[in-house]
Amino acid sequence: MKRHYRFSIWYFIVGIWLVLLMQNYLANTFAVKTIAYSEFLDYLQQGKIVEVAITANAIQGRLKSETEGARDQYFKTVKVEPEIAKLLSDHQVKYSGTIESTFLRDIISWLLPVFIFLGVWFFLMKKMMPQQPGFMSLGKSKAKIYKQEDTGITFKDVAGVDEAKVELEEIIEFLRNPGKYTEFGGQMPKGLLLVGPPGTGKTMLARAVAGESSVPFFSISGSEFVEMFVGLGAARVRDLFEEAKKNAPCIIFIDELDALGKARGIGSFGGHDEREQTLNQLLVELDGFDSNIGVILMAATNRPEVLDPALLRPGRFDRQVLVDRPDKEGRRKILEVHLQKVKKVGDLDLERLAAMTAGMVGADLANLVNEATLLAVRGKEEKVGMAQFEEAVERIVAGLEKKNRLINPKERTIVAYHELGHALVSMSLPDTDPVQKITIVPRGIAALGYTMQLPTEDRYLMSKTELLNKVAVLLGGRAAERTVLDEISTGAHNDLARATDIARSMVIEYGMSETLGQVYLKGEPKAQFLQPGLFQRGDYSEETSRRIDEEVKKIIDEQYQAALSILKGQRDTIERAVKVLLEKEKITGDELKQIMASVEQAARSN
């Protein structure tokens with residue numbers, strides 16, 4: 001049987017006492033006395049020195065003991081030059097020598113270059129690899145932890161997404177009072193996926209949930225899990241969930257989940273790459289933790305179609321919340337939130353401004369308010385008014401105004417006819433967006449002029465007639481050039497591209513072709529072979545492809561003829577409006593209507 005020994009503090013005390021006794025004995029036995037050099041000479045003349053050892057700077061030796069039986073005394077002295085010693089002795093001067101200590105100087109002379117070299121080396125390595133973490137921290141999660149006071153965002157700061165907020169209030173209630181649900185045996189969803197276009201406020205909604213529920217908020221991007229070293233992503237997933245469990249109740253938020261959770265097999269040609277290992281570890285963690293401990297996993301993506309199906313099954317991301325583009329009322333509320341940060345605001349028609357910004361998301365509206373504020377400061381205005389917001393909308397929609405771009409008179413005339421063609425066709429057809437402004441001032445990268453049409457309300461469905469009218473309006477610029485100048489230019493290339501896209505969609509997507517019938521012919525993405533977002537040709541024959549091209553051309557030709565017939569009847573209006581537009585460079589839709597009315601009145605009077 002193995003015996004176990006117990007350590008006692010008395011062993012340590014006795015050991016220390018024995019060491020001290022031995023040290024004292026050795027010190028007394030072999031003590032070395034330091035004497036002056038003159039004393040050494042006196043002992044030498046008296047014959048008391050038994051033996052000496054001479055070095056370059058010192059003399060060590062042993063003195064004969066004066067007492068019988070006693071030990072000899074050891075001594076040391078500093079060596080002095082003989083000539084100086086003789087002179088000092090002749091004049092009866094007591095003298096001694098000292099050895100200058102060079103220890104510190106020697107240490108500095110050796111260590112200082114070493115420290116300088118190491119310092120330069122560490123500085124260069126830090127500059128060369130600023131992003132490389134320490135070896136022991138490679139597997140640590142990079143998640144940023146926010147407390148309630150750090151997020152500073154609540155549902156009051158989020159507007160335009162009322163349906164999403166209703167869905168998230170249940171999560172907040174669970175984090176505040178989990179016992180309310182566990183009493184009934186219910187379990188909260190383990191995962192909550194926020195889905196919507198970019199800029200709709202998915203990240204802000206997640207932070208607002210953390211702020212409302214007063215719990216820690218772990219925020220990390222999906223791309224931060226995947227590194228060049230194999231296994232680091234999985235290690236960071238494990239570390240993230242371990243930290244979250246220690247801080248429960250809390251929220252884990254993974255932004256841009258599609259960077260991590262893309263369907264396995266997309267973009268890789270066999271093999272078990274690092275991203276797939278990280279995704280597998282995330283799936284394991286989702287299966288392994290209990291939602292009742294108070295850890296809620298939230299994620300956001302604008303590409304849900306590329307996510308792995310294993311992520312979206314029940315038991316993992318149980319609930320999907322759509323964060324869609326805001327409607328008119330939602331845009332008005334978002335503008336009110338952002339306008340609270342502007343200190344000097346004039347009279348604004350928020351209803352009209354919300355109607356002018358159809359299709360914009362929260363990020364676009366925040367940028368709109370900031371652009372209007374900058375325009376007011378640049379123009380030295382006292383307050384931010386409606387004029388600055390209208391100009392900001394134009395900057396966002398059409399680009400920056402370029403007044404310094406020089407255009408020769410002939411091209412300005414062509415641009416004026418072109419833009420008036422768009423406007424007059426739009427005003428002559430029903431169910432088209434109202435014309436707000438016509439300008440021949442260049443904007444953006446390639447636009448030499450533009451016609452600004454803004455919808456008065458949000459639209460979710462469009463009829464065949466409305467789509468045909470859109471095509472006719474797009475072709476109105478080319479038709480005006482042909483009608484007035486009997487010549488066409490390259491200025492209609494963007495109009496032709498957009499008109500062709502609408503016509504092709506009508507044929508292959510919406511089933512609006514009488515020849516082909518109610519058939520969907522657009523190809524679907526094949527994730528196994530194509531990257532997400534790319535479409536292959538539909539499964540139809542060459543004959544069907546030829547008929548599709550014929551139908552698209554038929555739609556384009558018919559609407560082009562419709563635009564030509566409208567503009568031929570508006571020839572006088574075009575000529576009068578061109579003179580005004582070339583002089584003022586900008587006219588509004590109301591001014592163009594007045595010109596049309598005056599031309600019609602003059603025609604009736606004649």
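Guide: One term to begin with: buried means under 20% relative accessible area. This is a predicted model.

Visitor: How much of the protein is buried?
Guide: Buried residues make up 40% of the 606 residues in the protein.

Visitor: And how many helices and strands are there?
Guide: The protein has 23 helices and 13 strands.

Visitor: What share of the contacts between residues at least 6 apart in sequence join residues at least 24 apart?
Guide: That share is 72%.

Visitor: OK, the core. How many residues are in the largest nonpolar core?
Guide: The largest nonpolar core has 48 residues. V425, I548 and L592 are the ones with the most contacts inside it.

Visitor: Which elements give two or more residues to this core?
Guide: On the helix side they are α17 (409-428), α18 (464-474), α19 (476-485), α20 (493-508), α21 (542-568), α22 (571-584) and α23 (589-605). β11 (435-439) is on the list too. The largest share, nine residues, comes from α21.

Visitor: Back to L592. What is L592 in contact with, leaving aside neighbours within four places in sequence?
Guide: L592 is in contact with L420, A423, L424, M427, I438, A577 and I587.

Visitor: Now β11. Is β11 largely enclosed or open, and why?
Guide: β11 is largely enclosed by the rest of the structure, because four of its five residues are buried.

Visitor: Which strands pair with β11?
Guide: β11 pairs with β12 (residues 450-453) in the antiparallel sense over four bridges. With β13 (residues 586-588), β11 also pairs in the antiparallel sense, over three bridges.

Visitor: Who is the bridge partner of V435 in β12?
Guide: The partner of V435 is Q453.

Visitor: On to α22 and α23. At what angle do they pack?
Guide: The angle between α22 and α23 is about 140°, and their axes are 9 Å apart.

Visitor: Why are α22 and α23 oblique?
Guide: Angles over 145 degrees count as roughly antiparallel. The angle here is about 140°, so α22 and α23 are oblique to each other. Their crossing is right-handed.

Visitor: Which residues meet there?
Guide: From α22, D572, T573, R576, A577, V580 and K584 take part. They meet E591, L592, I595, M596, S598 and V599 in α23.

Visitor: Change of topic: how many residues are in the second core?
Guide: The second core is separate and has 28 residues, including A208, V209, A300 and V321.

Visitor: What about E167, how far is E167 from V321?
Guide: E167 and V321 are 154 residues apart in sequence and 7.1 Å apart in space, C-alpha to C-alpha. E167 is in helix α6 (residues 162-176). Leaving aside neighbours within four places in sequence, E167 is in contact with R319 and V321.

Visitor: Last one, E371: buried or exposed?
Guide: E371 is buried, because its relative accessible area is 18% and the limit is 20%. E371 lies in helix α15 (residues 362-378). Leaving aside neighbours within four places in sequence, E371 is in contact with A392 and R395.

Note on methods:
Residues are numbered from 1 along each chain as its sequence is written. This is a predicted model: local features need pLDDT of at least 70, side-chain atom pairs count only at pLDDT 80 or more; totals for chains, interfaces and linings use all residues. Side-chain values use heavy atoms; hydrogens and water are left out. A nonpolar core is a set of buried Ala, Val, Leu, Ile, Met, Phe, Trp, Tyr and Cys residues joined through side-chain atoms within 4.5 Å. Buried means under 20% relative accessible area, exposed over 50%, partly exposed in between (1.4 Å probe, protein chains only). Contact means heavy atoms within 4.5 Å. Two strands pair if DSSP finds at least two bridges between them. Axes are lines fitted to C-alpha atoms, for helices over the stretch in contact, and angles run from 0 to 180 degrees between N-to-C directions. Angles under 35 degrees count as roughly parallel, over 145 as roughly antiparallel, 65 to 115 as roughly perpendicular and the rest as oblique. A crossing is left-handed if the near helix is turned anticlockwise from the far one by less than a right angle, and right-handed if clockwise.
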